[in-house]
Amino acid sequence: MRPFEFIKPDSEASAIELLGKLSPNVRILAGGTDYLVDLKHTADVPKTVMDISRLPELKGIDEVDDGLRIGAGVTHTEIMQNPLIKKYAPAMIHAAHTIGAVQTRNLGTIGGNLVTCVPSMDSGPTLVALDAEVNIVGKDGTRRISLTDLFVGPRKTSLKSNELLTEIIIPKRSLGKPANFYKFGLRKGQALALVNAASSLWIKGGCFKDLRISIGAVAPVVIRCLKAEKYLEGKKIDEKLVKEAGNIAVTEAKPIDDFRASQSYRNDLIAVLVTRTINAAIDLADKD
Amino acid sequence: MKNGVGQPVTRKEDPKFLMGRGRYVDDIDLPDLAYGFVLRSIHANAKIRSINTSEAKALPGVIGILTGDDYVSDGLGVIHAEINPNLLKGEAIQYPHAALVREYVKCVGAPVAFVVAETQSIAKDAAEIIEIDYEILESATDLSKVRSGNTPIVWEGMKSNVSFTYGMGDAEKVAAAFSDSAHIVKSTVVNNRITTNAMEPRCSIGIFEPGEEKFTLYSSNQRPNNARQAIANEIFEISEAQLRVISPDVGGGFGMKGSFYGEDVLVLWAARKYSRPIKWNSERSESFVTDSHARDVISDCEMSFDADGKVTGLRVHADYNIGAYVAPGGSISPMWFTLLLSGVYRIPAVEVVTRCHFTNTISTAPYRGAGRPESAFILERLMDMASNQLNIDPIEIRRKNLITSDEMPYQTALMFSYDSGEFIEIMDEAVKEANWSEFEERKKESESKGKLRGIGLACYLEGAAPFNERMEIRFDSGGTVTVVAGTHSHGQGHETIYSQMVSDFLGVPYESVHLVQGDTDKVPMGRGTVGSRSITVGGSALRLASDEVIEKGKKIAGHLLEVSPEDIEFNNGTFSVAGTDKSIDITEIAKRSHTPVMWPGELGMGLEGVGVFQSGPGNFPNGCQIAEVEVDAETGKVTLENMVIVGDVGTVINPLLLGGQIHGGLTQGIGQALFEDVVYEKNGGQLLSASFQDYTMPRADDLPFYDITSHPVPTKQNPLGVKGAGETGTVGAPPAVLNAVINALQSKGVTDIEMPATPEKIWLALRKAA
Ligand SMILES: Cc1cc2nc3c(=O)[nH]c(=O)nc-3n(C[C@H](O)[C@H](O)[C@H](O)COP(=O)(O)OP(=O)(O)OC[C@H]3O[C@@H](n4cnc5c(N)ncnc54)[C@H](O)[C@@H]3O)c2cc1C
């Protein structure tokens with residue numbers, strides 16, 4: 001690892017200012033569980049590494065006017081232990097629990113997970129299925145975008161090098177929405193998802209309403225399965241239809257074929273996981 | 001007796017390790033320490049056209065850079081393996097290799113240059129700017145292709161890739177048995193390639209004292225005395241007195257650290273060259289491409305049966321992948337494999353041919369089990385296949401063929417004669433423990449949840465306790481005891497178990513026993529720890545050393561109590577005059593034995609004893625394991641629901657430590673069966689499974705609680721009745737688990753699956769069968 005300058009601002013404002021000044025020769029470090037691994041191997045060592053792990057503004061999980069706010073600096077462990085998450089988005093707890101091992105979850109942040117933007121990120125599908133949005137702050141102010149618009153490609157987001165992801169917002173309409181996350185890896189812990197998936201839904205009059213299906217590790221970024229959603233939306237709950245939605249989801253993905261898993265296996269897993277997450281969400285839903 | 005033999009004593013060494021006070025090689029810091037980094041081949045097979053180190057040498061902080069040419073010009077010797085002449089068929093070809101290669105790299109990870117610098121990162125940075133011009137050649141990494149002769153030749157000039165061939169048994173007798181048989185079960189059995197991943201990666205420090213002309217090597221090694229012998233005699237051609245090898249705390253070895261490695265040579269050589277102590281520390285990613293790998297055997301097997309389901313003959317033609325360079329321990333697994341192919345069964349005629357092939361992969365060498373898991377896997381897969389083909393229940397077909405306890409001692413058709421064992425009783429106990437009779441109900445329950453369920457068993461045996469061993473017991477003038485052990489504990493807990501034994505044998509307090517090991521200047525001779533040998537061979541030597549202490553103690557007691565030594569009795573730490581109340585404690589004897597003047601010369605100086613035990617044919621730990629699995633047919637995922645082991649490791653000295661050995665062994669066996677696989681790129685020869693992301697070792701939450709029962713049948717081969725315990729878990733687990741998985745898939749038409757039985761393989765097998 002080549003030498004670099006290390007800075008640790010103590011407020012969001014000074015972090016933004018420093019970013020503005022130092023960009024593009026600066027990189028952000030949160031928990032470091034992704035970035036330090038990279039830094040050890042890359043030839044592209046930045047001039048400055050800015051540690052944001054202590055910024056108070058990036059911490060905390062709160063109920064706000066437009067929903068639930070999760071600071072980008074919140075760790076996976078904090079998510080697992082948070083009562084508001086438990087109340088409003090318990091599928092996130094399950095997703096967080098599948099990430100790495102205890103040590104990784106103690107350090108790794110939700111912001112870091114989203115910004116690293118690997119297709120297999122485990123916090124992505126649930127958040128997408130809950131229509132999450134993100135706040136991004138730069139020297140020109142704050143912008144709010146949908147989470148899916150943050151994802152551009154493998155390890156590529158729409159963040160500019162002078163911008164900070166500050167918070168994730170789960171909109172009010174999604175709070176308490178029945179949802180389920182499923183990760184399929186080669187062992188229980190410390191495993192990369194071969195496929196992961198999340199679904200959320202309401203049931204109104206025995207029919208699917210606001211169904212969201214999101215899958216990861218099978219396309220350049222975490223995606224929403226719009227066709228599968230559309231296929232079920234408004235239809236009566238029916239096992240066969242759910243199964244068909246799983247098959248439709250397969251057509252929306254483009255999994256790779258490598259020694260970890262073949263494309264056809266990944267495709268089959270998509271169908272199985274989508275079906276299972278929808279069925280699990282149905283089980284959670286009030287069926288009035 | 002508290003803390004005595006047979007007690008579940010907790011480990012003496014645990015507080016140290018749990019509180020981070022262990023002292024591993026990397027914990028050792030020395031004044032003036034410099035760091036070495038090995039630049040390795042990134043190609044599986046290539047000719048080195050040129051190496052340019054000039055820019056790297058100029059980097060500030062670089063002390064020197066060594067290459068294969070320097071190695072030759074400095075006249076250092078090469079690394080090779082010993083091939084067992086009794087098993088060898090035809091000639092053996094090795095390409096003994098230097099600690100740095102020259103001209104060719106023959107596998108990814110082959111050591112090309114050794115960079116020595118003030119810090120490890122400088123050494124790495126320098127390595128990055130060494131220019132090597134490679135001419136890339138075609139490579140051969142896949143054993144299934146290599147055995148069919150469809151690959152390039154690894155070493156130019158050879159006619160085939162076969163390095164050596166081991167053979168045993170009687171081909172004619174087998175042919176005769178086959179022609180008379182009612183059934184023949186045939187299969188090609190694949191034992192996949194795996195790697196150890198000891199918790200502590202390998203690490204070495206070399207020191208050279210120019211005044212004394214003496215080297216010191218700190219190395220994470222299981223057999224320091226063996227390393228000294230080999231490195232002194234074969235590499236540096238110095239007397240063994242000029243090399244001290246110290247293996248301090250070692251974080252797991254499993255056979256992978258059973259021999260020395262090139263890096264041990266490099267740090268010593270560089271220490272002498274640059275007059276600095278040199279440390280080399282493997283990173284985890286480096287360990288994947290430099291620690292020896294293991295297994296990787298494909299065998300064409302045929303087993304013949306009579307009309308009654310009794311085995312009449314076995315033919316195994318096996319191909320082992322030994323890698324590009326024969327490791328010092330490279331011939332050991334093929335040897336045990338060849339010798340143990342009769343297993344627990346009465347097989348009148350056996351023929352084994354084991355061909356060992358060069359490939360463009362990392363060397364293979366022993367890993368927990370070393371040949372024993374490979375042979376047990378074949379026998380137990382064949383038994384299950386026969387059960388299907390002959391339509392005999394898997395338990396019953398084994399019962400027909402297991403050697404009975406009345407037949408002991410049993411001479412196999414290969415080399416070994418088993419002294420003891422109750423194979424059928426053990427199987428029956430395991431079947432009961434696993435509640436086999438109610439399996440169908442559990443299966444129905446799984447099916448009601450949409451899952452498949454399977455149960456499988458494996459009866460197995462292994463050969464343990466090679467070589468002789470020497471142990472020494474010394475009392476100091478304060479009366480405390482030091483055991484100087486030729487064995488080497490690197491996780492096993494010898495300090496605890498030897499303390500238990502000495503405390504039991506000599507009646508001294510458990511707490512007052514200390515262990516010295518792992519330093520060739522302190523342990524004059526010893527064979528280290530491999531092959532489940534320490535408590536059997538080392539422990540027996542300790543018994544003999546204790547007997548010598550008692551004999552000496554009797555002489556001293558006779559002198560002090562003024563009677564003839566013949567009148568002295570020894571019991572639980574006290575020497576007493578028979579029929580009187582005159583007695584003296586062993587601690588007191590020890591103190592008095594150090595009297596400096598006015599002490600009879602014939603009583604020697606101090607109280608000590610040396611025991612040497614010759615293990616002869618060794619012993620044969622055995623057992624039965626039963627695995628039960630549930631399979632998610634949609635994803636192919638296997639959940640191991642239950643794992644039963646009933647094992648015979650002879651007399652149990654410490655059930656807690658035995659449990660630890662069985663747990664670890666089972667987990668490594670299950671790892672191979674379900675999770676772990678070393679994968680090379682089919683054409684380019686790159687190692688693909690080169691980190692824990694893809695080399696999926698199991699974690700605790702992937703495994704059930706194990707149901708472990710001891711069924712001791714003490715061996716007559718040693719005074720303690722102990723059989724080896726280190727490897728039995730690993731030997732039986734792969735076939736038990738695989739048999740269970742295949743049993744679960746049987747109703748869907750799947751009859752075989754290769755290890756590891758990963759979700760995708762199962763998914764694919766189910767689809768193919770449908
Ligand atoms: C052993 C191990 C196991 C793992 N297992 C999993 C797993 O199972 N599932 C999974 O999804 N991931 C896993 N990971 C990856 C990683 O732990 C997570 O992605 C984690 O959430 C990253 O967060 P971090 O805070 O450590 O990010 P960092 O490493 O600090 O940063 C990651 C990237 O995000 C940028 N960044 C971080 N925060 C911000 C911000 N607020 N604004 C702008 N940019 C930012 C950094 O510049 C960097 O590029 C694993 C990692 C390890 C080492």
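**Close-up views of a predicted model**

**View 1. The shell around the ligand draws its largest share, 5 residues, from α7(A).** The model is predicted: local features need pLDDT of at least 70, side-chain atom pairs count only at pLDDT 80 or more, and totals for chains, interfaces and linings use all residues. Residues are numbered from 1 along each chain as its sequence is written, while chains are lettered from A and ligands numbered from 1 in the order in which they are written. In total, 30 residues surround the ligand; a residue counts as near if its C-beta atom, placed from the backbone, lies within 6 Å. The closest are A:G31, A:G100, A:G108, A:G112 and A:N113. At least two shell residues each come from β2 (26–29), α2 (35–41), α6 (102–107), α7 (110–116) and β10 (164–171) of chain A. Helices (H or I, at least four residues) and strands (E, at least two) are DSSP runs, numbered from the N terminus. By class, the shell holds 14 nonpolar, 13 polar and 3 charged residues. Ala, Val, Leu, Ile, Met, Phe, Trp, Tyr, Cys and Pro count as nonpolar, Asp, Glu, Lys and Arg as charged, and the others, Gly among them, as polar. Domain 1 (5–51) and domain 2 (60–174) of chain A each supply at least three residues of the shell.

View 2. Chain A is split into domain 1 (5–51), domain 2 (60–174) and domain 3 (179–284), with bounds from an automatic or database domain assignment. The C-alpha centres of domains 1 and 2 of chain A lie 19 Å apart.

**View 3. An open antiparallel sheet of 5 strands in chain A runs in the order β4-β5-β10-β6-β7.** Strands pair if DSSP finds at least two bridges between them. β4 (61–64) and β7 (141–146) of chain A stand at the edges with a single partner strand each, so one side of each is left without a neighbour in the sheet. Neighbouring strands are turned by 25° against each other on average, direction ignored. Axes are lines fitted to C-alpha atoms, for helices over the stretch in contact, and angles run from 0 to 180 degrees between N-to-C directions.

**View 4. Strand β6 (residues 133–138) of chain A pairs with β7(A) in the antiparallel sense over 6 bridges.** A:E133 stands opposite A:S146 in β7(A). α1(A) lies across β6 and β10 of chain A, at about 125° to β10(A).

Technical notes:
Contact = placed C-beta atoms within 7 Å.
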